[in-house]
Amino acid sequence: FDSLVFQSEVDVLISMETSAARNAGLPIVNRGKTPYIYTSFYEGKSCSPWMYVNAWVPEQQVAPIVDHFMAEFDAKSFYLI
């Protein structure tokens with residue numbers, strides 16, 4: 001992140017990183033005021049005026065599929081892995 005923001009002076013970063021890499025890069029993005037588009041699944045809680053997330057959070061992934069399996073297949077128990 002650091003070399004892209006401050007040496008290459010990119011206009012925007014778009015990446016599908018791990019949560020740890022995203023969190024490590026956010027202070028750099030904030031300091032450089034560089035828009036960062038995060039495309040990986042997102043668990044929430046990381047905020048920045050420079051970060052834009054275009055992925056689902058768990059509330060958008062889990063609840064609809066649980067509702068579907070309960071309605072369509074009368075499922076009673078679930079294991080999330």
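**A tour of the predicted model**

Start with the whole chain. The protein has a radius of gyration of 17 Å, whereas a compact globule of 81 residues would have one near 12 Å. That radius is taken over C-alpha atoms, and the globule rule is 2.2 Å times the number of residues to the power 0.38.

This is a predicted model: local features need pLDDT of at least 70, side-chain atom pairs count only at pLDDT 80 or more, and totals for chains, interfaces and linings use all residues. Residues are numbered from 1 along each chain as its sequence is written, and side-chain values use heavy atoms, with hydrogens and water left out.

Show the C-alpha trace. Along the principal axes, the C-alpha atoms fill a box of roughly 55 × 20 × 15 Å.

Switch to cartoon. You will find three helices and three strands, in the order α-β-α-β-β-α from the N terminus. Helices (H or I, at least four residues) and strands (E, at least two) are DSSP runs, numbered from the N terminus.

Select residues 58–73, helix H3. Its 16 residues should span 22 Å at 1.5 Å a residue, and its end C-alpha atoms are 22 Å apart, which agrees. The expected span is 1.5 Å times one less than the number of residues.

Now colour by burial. Of the 81 residues, 25% count as buried (under 20% relative accessible area, 1.4 Å probe, protein chains only).

Last, look at contacts (heavy atoms within 4.5 Å). Of those with a separation of 6 or more, 24% join residues 24 or more positions apart.

How values were computed. Buried < 20%, exposed > 50% of the residue type's maximum accessible area, 1.4 Å probe, protein only.
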